[in-house]
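Trainee: Please take one part of this model and go through it closely. I would like the packing around it first, and then how that part sits in the whole.

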Amino acid sequence: MDDPTILEAMRRKGTSILAELRAFASWETPSGDKAAVDHMGSRVAARWTELGGAVEIVPNERGGDHLIGRFFGESDAPPALVLGHIDTVWPLGTLARMPVVGYGDQLRGPGVYDMKAGLAMLHAALEWLRESAIRPPRPITALFTADEEIGSPTSRGLIESLARESAHALVLEPPLADGGLKTARKGVGRFTIRVEGRAAHAGVAPEQGVSAILELAHQVIRAHDLNDAAAGTTVNVGVVRGGTTSNVVPAEAEAVVDVRATTIAAAKVVERALLSLRPITPGAKVVVEGGFNRPPMERTPAIAALFEQAAEIGLGLGLKLTEGSTGGGSDGNFTAAIGLPTLDGLGAFGGGAHADHEHILISSLPERAALLAALLLKL
Ligand SMILES: [Zn+2]
């Protein structure tokens, strides 16, 4: 099977990939809405069965069920793990103001880029392998989860246990803005700084009060001081709240902090610093809670080698692959952190993830599906 054949085959499937993507996007799947996500999940499961997969539905009471599809199970080589998610950040009803529409080479709509295009591409790749009666060198395990957009609280264990038995992970999340694959991702942490002061009448007895807001202001500055551009560590106090009304010395205040770090070592440094914040104002109490929910995906030599292989396979298709890093996290962070060589950002070209202008480039669907098929065939 020469490489141009794969690309031609995927070009012939272009219309059906697009039609399937349109159908996926027309089913709204906000994380946490079990009925909505399961509606799409059951259709995906049926499609996987049709494509020859052994489907396992992993029940999840706290949201949509997760889906595992095992394909080409004849060989006992460790499988390729293909990772994605069917949930989106978009609430039910978004389609009314943001319908799925084609606009030139763009297909716009909630979830098309992040990341329903990846699922449509996977189906085309699996269908082509099946039609061509080609047996890939290793089994393929597809895992599509239902809670990636909220930090994967119920799927993390599943992702990690499948990662432990796999040869590598191919993550169908959107690529970098220039189409590059993601070979490094920052880890993502979330912390809450809670301050307790003492309430008092602001006019009659202010000296009896301890202002939680003043104390929080000090802590916000300390947290911001942990930003370290050289190390790639970012700290953003994204939410502050506190107090009751203007004539009361505030007894309570809190801040929610987003933290990103490039390496596991840097993540530990910033985590330790945040957890050891101590009060400055006499009488105030400071409690910090939280941690890194996604560990950094570091570009290990194994990941670099996997990219080199992928780049060569891409060249065989006439595609020049590039790589880069991002501050955003994905489930690829989990597979990489346990040492599994991981290639992320294999989804369709486009833009506007989590934004009103979310779209994919229709012309990229066959190319990226061909790349995925070739990776499944050759890695
Ligand atoms: Zn995503």
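**Packing around Leu372**

Mentor: Leaving out neighbours within four places in sequence, the contacts of Leu372 are Met121, Leu122, Ala125, Leu170 and Leu346. The model is a predicted one, and these contacts are computed from it.

Leu372 belongs to the largest nonpolar core, a set of 75 residues. Within that core, Leu372 is one of the residues that touch the most other members, together with Ala117, Met121, Ala125, Leu170, Ala369 and Ala373. Helix α5, residues 112-131, supplies the largest share of this core, with 13 residues. Apart from this core there is another one, of 20 residues, which includes Val195, Ala212, Ala223 and Val270. As a general point, nonpolar side chains in soluble globular proteins tend to be buried together.

Next, the helix contact on this side of the chain. Helix α11 spans residues 364-378, and its axis comes within 9 Å of the axis of helix α2, residues 14-26, with a crossing angle of roughly 100 degrees. Because angles of 65 to 115 degrees count as roughly perpendicular, α2 is classed as roughly perpendicular to α11. On the α2 side the contact is made by Gly14, Ile17 and Leu18, and on the α11 side by Leu365, Pro366 and Ala369. By residue class, this contact has five nonpolar residues, one polar and no charged.

For a reference point elsewhere, take Ala311, in helix α9, residues 301-316. Ala311 has 15 C-beta neighbours inside 10 Å and so counts as partly exposed. Between Ala311 and Gly14 there are 297 positions in sequence and 23 Å in space, C-alpha to C-alpha.

Now the whole. The protein has 11 helices and 18 strands, and 48% of its 379 residues count as buried. Of the contacts with a separation of 6 or more, 78% join residues 24 or more positions apart. Along the principal axes, the C-alpha atoms fill a box of roughly 85 × 45 × 40 Å.

Definitions and conventions:
Residues are numbered from 1 along each chain as its sequence is written. This is a predicted model: local features need pLDDT of at least 70, side-chain atom pairs count only at pLDDT 80 or more; totals for chains, interfaces and linings use all residues. Axes are lines fitted to C-alpha atoms, for helices over the stretch in contact, and angles run from 0 to 180 degrees between N-to-C directions. Helices (H or I, at least four residues) and strands (E, at least two) are DSSP runs, numbered from the N terminus. Angles under 35 degrees count as roughly parallel, over 145 as roughly antiparallel, 65 to 115 as roughly perpendicular and the rest as oblique. Two residues are in contact if their C-beta atoms, placed from the backbone, lie within 7 Å. Ala, Val, Leu, Ile, Met, Phe, Trp, Tyr, Cys and Pro count as nonpolar, Asp, Glu, Lys and Arg as charged, and the others, Gly among them, as polar. A residue is buried if 20 or more other C-beta atoms lie within 10 Å of its own, exposed if 12 or fewer, and partly exposed in between; C-beta atoms are placed from the backbone. A nonpolar core is a set of buried Ala, Val, Leu, Ile, Met, Phe, Trp, Tyr and Cys residues joined through C-beta atoms within 7 Å.
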